[in-house]
Amino acid sequence: MGEQFKSSVEKWTSFNRLHTENNIKCLEWMKQIYKNKKDLNFNERNIVVDFGCGTGETAAYLASMHRYGPCQVVGLDISLDFIKYAAQKFRKINNVVYFWSQYLEDLEFLEDKVSVVTCFTVLHLLSSDQINQVLKFFKKILVLNGKVLVLHYLGRTNECFKIYLEIYLKLQANPKWRPYLLPNISQHRSLDLMTTELKIQCDDIITKFKKANFRLEHIDKVYKPSCQRPMNVIINANTVHTIMSNQNIRHMEFGKAYDEIPESMYEEFAQEFSRLFNLVSIAHNSQCAMLVFQKYQ
Ligand SMILES: C[S@@+](CC[C@H](N)C(=O)[O-])C[C@H]1O[C@@H](n2cnc3c(N)ncnc32)[C@H](O)[C@@H]1O
């Protein structure tokens with residue numbers, strides 16, 4: 001295992017804890033909606049595909065659910081590193097497999113065999129053409145009336161944005177820290193703007209699914225897990241990471257607002273950042289839409 005591989009995968013897996021919690025929430029929501037297993041077409045021959053499975057945690061969770069019978073779960077991802085990692089980590093679970101999805105045409109064996117596709121925070125990373133291709137693929141692999149469960153990232157909450165802004169302004173007011181903060185916070189895109197942009201994308205996604213002969217069956221909103229007080233703050237030259245008490249690591253919103261903080265000052269800066277962070281509270285950090293589509297043709 002090369003060093004680069006290790007670091008990219010390990011970095012992701014630490015962030016991924018947040019994702020997995022959220023994905024499980026989404027699955028619980030779907031279970032609530034489809035209390036009757038017949039509505040989901042689940043039986044022991046069913047295949048569930050987790051598209052864009054990352055390091056495989058959610059696919060492994062799906063495999064262990066067994067709520068609707070022992071289905072087979074297939075995790076797909078475009079990152080070969082993630083697939084290798086997942087295949088190794090979950091090798092003992094016998095109803096989950098992982099495949100690299102660089103060439104969707106290689107996955108013909110799934111054609112018309114899949115009951116449910118889960119697609120959690122993947123589509124916002126794709127171009128319009130790529131989304132169309134992926135929807136074509138979903139349509140091909142799903143059985144008639146098969147479902148796609150989408151978790152789509154909408155953006156950070158304004159509350160979260162305001163809190164980081166408050167901390168930033170307080171640090172900037174201190175002559176000790178001012179030299180290490182970029183002066184013009186307005187360079188940073190406003191969260192209002194970001195949320196609006198991403199909401200439009202959500203509407204686009206619904207339109208695209210409809211064009212591809214899927215009907216929207218359910219839609220709801222979910223917040224990412226609430227943030228706790230930070231237990232620890234990690235600084236490097238221009239990024240601040242906060243580690244929350246539940247061990248989730250999250251990005252600092254104004255990561256690039258910092259400019260070459262000298263290493264000798266990291267500890268002091270981290271202490272000051274934690275102190276300011278502890279004066280405020282963040283209820284939620286980002287918003288997602290959960291959507292269920294059904295293939296009807
Ligand atoms: C934000 S992560 C979400 C991972 C996982 N679904 C989760 O919620 O934990 C996005 C994932 O989508 C994968 N991805 C991006 N483009 C993709 C594509 N065209 N096909 C398949 N996977 C893709 C990335 O490699 C990454 O693992």
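I looked up Arg275 first: at 45% relative accessibility, arginine 275 counts as partly exposed (buried is under 20% relative accessible area, exposed over 50%, partly exposed in between, with a 1.4 Å probe and protein chains only). The model is predicted; local features need pLDDT of at least 70, side-chain atom pairs count only at pLDDT 80 or more, and totals for chains, interfaces and linings use all residues. Residues are numbered from 1 along each chain as its sequence is written, and side-chain values use heavy atoms, with hydrogens and water left out.

I then checked the partner of arginine 275: a salt bridge joins it to glutamate 272, with the closest N and O atoms 3.2 Å apart (a side-chain nitrogen of Lys or Arg within 4 Å of a carboxyl oxygen of Asp or Glu). Glutamate 272 is buried at 17%. Both residues lie in helix H7, 3 residues apart, about one turn of the helix (helices, H or I, of at least four residues and strands, E, of at least two are DSSP runs, numbered from the N terminus).

I searched the whole structure and noted 5 salt bridges. Among them is lysine 176 with glutamate 268, closest N and O atoms 2.2 Å apart. Lysine 176 sits in the loop between helix H5 (158-172) and H6, and glutamate 268 in helix H7 (residues 266-278), so the pair ties together parts 92 residues apart in sequence.

I turned to the largest nonpolar core, 32 residues, where Val49, Phe51, Phe138 and Phe209 touch the most other members (buried Ala, Val, Leu, Ile, Met, Phe, Trp, Tyr and Cys residues joined through side-chain atoms within 4.5 Å). Its largest share, 6 residues, comes from H4.
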